[in-house]
Amino acid sequence: MTTTKRKKPEELRSHRWYGAKDMRSFGHRSRTAQMGYNRNDYAGKPVIAIINTWSDINPCHSHFRQRAEEVKRGIWQAGGFPVEMPAISLSEPFQKPTTMLYRNLLAMETEELLRSYPADACVLMGGCDKTTPALLMGAISMNLPTIFLPAGPMLRGDYRGQFLGSGSDVWKYWAELRAGNITESDWAEIENGIARSPGHCMTMGTASTMTSTVEALGLSLSGYASIPAPDSRHAQMATQTGRRIVEMAWEDLKPSDILTPASFDNAVMTTLALSGSTNAAVHLIALSKRAGFNLTLERFDELARKIPVLANVRPSGKYLMEDFFYAGGLRALLKQLGSLLSLKEKTVDGKTIGELIANATVFNDDVIRSIDNAMVKSDGLAILKGNLAPDGAVIKPPAAESHLLKHTGKAVVFKNYDDLSARIDSPTLDIDANSVIVLQNAGPQGAPGMPEWGQLPIPKKLLEQGVRDMVRISDARMSGTSYGACVLHVTPESYIGGPLAFVKDGDLIELDVPARKLNVLISDEEMAKRKAAWVAPIPKFERGFGKLYLQHIQQADKGCDFDFLETQVSPTHSDTQKDGSRGGEPEIH
């Protein structure tokens, strides 16, 4: 790559705080001295914001206190001035009703932290599902030099000598408990052995999918996404991230210099080759719009038809992320994709993606397959449309029983999650293995927040008969660790009058994944009649962030971002403000 022009110290954004000779800068310098620093620590040096999503309620990030210190070490080594800034921690296991309700809040917080403080560049510390896209949405909008530091997957779970995977084995053994095939004592053993270390889910859930796509986008150091959280190489890479971000600050290498439509295609193809989380569709669309591009569901489907699934990782495969790392990690998988990718895209490493994966090696070809020995030849995800989902719905075909991918059955409808919980295990529920379970009012506004309710439970009486998969349809999301013939993200959602709201018990529903169809088999006249009789529900929030959310949240096919936060045009250097951001910032006084 050609050598880029380096900034001079007086050209740094932080110079406006520290370098001016006025009363306000006196205050900035004196208050920095109050914290124990003198001018030699920061004068003429890039100020690096470390946005840290550590908290006591987020087990995925429980090692981030230490990792932040290791990032600081690298920043000091490279001649920068580190400033750690805490941000809201979106803890997937604990936050109700869903972290997705607060993804945009963290995105706004990240953007405003970077805008309002003297940051020349930033390191984003995340990994737990919604944290990754949220941090990047904010940083892309602010458009300062940025590196994302992923939390890394936890170690494999253990149960009586068997490896356990986050989420995937929870659903599996919960079904067996409800069916009477394991005991409460067995269930307690699983509880104590499934999460053994810091780090996010070690299946190919949303966390591993999103950290992998960020590496494919070029926004984290190459090879980092796959390293298990407790591995010493993870700590080493944290320090290397600190060193590299200082260089990026001098180079002024920003997200707008890295992200292109082709890099987003690379991220989509990575998701597909991993058989990654369906949530990636929502998050990558949101990220693309922050960058000024228009990634669509149709583009996901177009690429899905030609990209093979190469990662033999749960829930669509056999292994876990620890095995994936030992087998060569993401770089090895990208090397297998080869010329299907756009290899000329820039990265935060200062090299192209092609240069970074040129020498990657697969060490276990059962974990990371070749194109000639793919898990499946195509369709890691599929986008469905029809009169039930005019704007699209998503399914992960490799995670479903194949006989259900073309299916017609009678609808069994639940009006909301409480209705589902109350009736799903009722012995009198009129349902059989051929039925289609439908959950309404679980979308962005309906739930609210579009929770991961989409892996709807199999009724207990069917579990006892040996049924382990059924067609299930909702406007919710599901965990990337989940599996089954689950149609998700039905758009527009039922809560705002989408067709899903008008489905009734007994309606025939047609699912045809090869043909990409999702239809309720009623006439247009009957659909119009039901729509005319529909009554809009009362809004769920009357104040605070919830009210803001309901007023501005977009639908799943648009990325569920707030309508006032997207970048409307493809960014160029002339589109950015003097601070590099796409939204400008107030003058400093």
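## Two helices crossing

A crossing is called left-handed if the near helix is turned anticlockwise from the far one by less than a right angle, and right-handed if clockwise. In this predicted model, the crossing of helix 9 and helix 12 is right-handed. Helix 9 covers residues 206–217 and helix 12 covers residues 261–273; the two pack at an angle of about 145 degrees, and their axes sit 8 Å apart.

Who touches whom here? From helix 9 come Thr209, Ser212, Thr213, Ala216 and Leu217, and they meet Ser263, Phe264, Asn266, Ala267, Thr270 and Thr271 of helix 12. Sort the residues of this contact by class and you get seven polar, four nonpolar and no charged.

## The second largest pocket

Strand 2 gives the most, with five residues. As for the classes, the lining has 13 nonpolar residues, along with three polar and three charged ones.

Most residues other than glycine have a negative phi, and most peptide bonds are trans. A few spots in this model go the other way. Take the bond between Ala447 and Pro448: this peptide bond is cis, with omega at about 5 degrees. Pro448 lies in the loop between strand 10 (436–439) and helix 19 (460–463).

Another cis peptide bond runs from Thr491 to Pro492, and its omega is near 0 degrees. Look for Pro492 in the loop that links strand 12 (486–491) and strand 13 (508–512). Then there is Asp379, which is not a glycine but still has a positive phi of about 65 degrees. Asp379 is in a loop too, between helix 17 (353–357) and strand 7 (382–386).

## How confident is the prediction?

Across the protein, the mean pLDDT is 94, and 96% of the residues reach 70 or more. Where does pLDDT stay under 50? That happens over residues 570–579. For this stretch, the model has 23 contacts beyond four places in sequence.

Key. Residues are numbered from 1 along each chain as its sequence is written. This is a predicted model: local features need pLDDT of at least 70, side-chain atom pairs count only at pLDDT 80 or more; totals for chains, interfaces and linings use all residues. Side-chain values use heavy atoms; hydrogens and water are left out. Axes are lines fitted to C-alpha atoms, for helices over the stretch in contact, and angles run from 0 to 180 degrees between N-to-C directions. Helices (H or I, at least four residues) and strands (E, at least two) are DSSP runs, numbered from the N terminus. Contact means heavy atoms within 4.5 Å. Ala, Val, Leu, Ile, Met, Phe, Trp, Tyr, Cys and Pro count as nonpolar, Asp, Glu, Lys and Arg as charged, and the others, Gly among them, as polar. pLDDT is the predictor's confidence in each residue, from 0 to 100.
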